[in-house]
Amino acid sequence: FDFYPDNYIDESIGLSPRQNIERVVKQSKVFIDNFASDFQNLLIYGNTGVGKTFLSNCIARELLDRSYTVIYLTSFQLFDILEKNKFNKDDDSQEVQNQFNFILSCDLLIIDDLGTELTNSFINTQLYLCINERYLREKSTIISTNLSLDNINDKYSERIFSRIISNYTLLKIVGADIRLAKNI
């Protein structure tokens, strides 16, 4: 928590970065503790370097330690698998099909850095498929992104935005880039 200052209030959330990260960590612990009994999804968003990926990995570690299946993929990796599943029908198609099926059926899927990929109609369709199918199967998903909610709405289809806003707990992390602060 020492990386998050307590000496100012972030206007977007009405809390100091320290108060906010304490709240975010508390909500993350509730997500972990209720994982077996309460289907939830998380959208972790904020500026570059505020700890979104670290938090996602901490959640993954806790759930792996409790014997849940977790897949962590960057958005590039996810869409690469989805593209191969859709278009490649060659020697490794069974492996790709298995990866695709596991993406849809694992206990927790983490999509890191959503928004760094090039967005087109294929990406939108495949992201909706992934989010919607996991929702229907009641399989939890964590999405981390540097995009604001407005940017998500602009970059992806309204259907994707609606699914995220209505079915995900929104966790905004504020503060300065920790990686830069560590080097000062």
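The following conversation goes through a predicted model and asks what stands behind some of the words used for it.

Trainee: How do you know that the structure holds zero disulfides?

Mentor: A disulfide is a covalent bond between the sulfur atoms of two cysteines. To count as one here, two cysteine sulfur atoms must lie within 2.5 Å. The sulfur of cysteine 58 has its closest cysteine sulfur in cysteine 106, at 19 Å, which is too far for a bond. For cysteine 106 the closest cysteine sulfur is that of cysteine 130, and because the two are 8.5 Å apart, they too are too far for a bond. The structure is therefore said to hold zero disulfides.

Trainee: Why is cysteine 58 called partly exposed, and what makes cysteine 106 buried?

Mentor: Buried means under 20% relative accessible area and exposed means over 50%, with partly exposed in between. Cysteine 58 has a relative accessibility of 32%, so the term for it is partly exposed. Cysteine 106 has a relative accessible area of 0%, which is under 20%, and so cysteine 106 is buried.

Trainee: What makes the five strands a sheet that is called open?

Mentor: The strands follow the order β2-β3-β4-β1-β5, with parallel pairing, and the edge strands, β2 (70-74) and β5 (169-173), each pair on one side only. From one strand to the next, the twist averages 15°.

Trainee: What caps the N-terminal end of α5, and what covers its buried residues?

Mentor: The cap is asparagine 120, which has a side-chain oxygen 3.0 Å from the backbone nitrogen of phenylalanine 122. The buried residues of α5 include Phe122, Leu127, Cys130 and Ile131, and among the elements covering the buried residues are α3 (75-87), α4 (93-105), β3 and β4. Just after α5, glutamate 138 takes a positive phi of about 55°.

Trainee: Why is isoleucine 44 called buried, and which residues is it in contact with?

Mentor: Isoleucine 44, which is in strand β1 (residues 42-46), has a relative accessible area of 0%, and because this is under 20%, the residue is buried. Leaving aside neighbours within four places in sequence, its contacts include Leu55, Ile143, Leu171 and Ile173.

Trainee: Why is serine 67 called exposed, whereas aspartate 113 is called partly exposed?

Mentor: Serine 67, in the loop between α2 (52-65) and β2, has a relative accessible area of 65%, which is over 50%, so serine 67 is exposed. Aspartate 113, whose place is in strand β3, has a value of 26%, between 20% and 50%, and is therefore partly exposed. Phi is positive in each, near 75° for serine 67 and near 65° for aspartate 113.

Note on methods: Residues numbered from 1 in each chain as written. Predicted model: local features only at pLDDT ≥ 70, side-chain atom pairs only at ≥ 80, totals over all residues. Heavy atoms only, no water. Buried < 20%, exposed > 50% of the residue type's maximum accessible area, 1.4 Å probe, protein only. Pairing = 2+ DSSP bridges. Helix = DSSP H or I, 4+ residues; strand = E, 2+ residues; numbered from the N terminus. Axes fitted to C-alpha atoms, helices over the stretch in contact; angles between N-to-C directions. Contact = heavy atoms within 4.5 Å. Polar contact = N/O pair within 3.5 Å; in protein donor to acceptor, adjacent residues only side chain to side chain.
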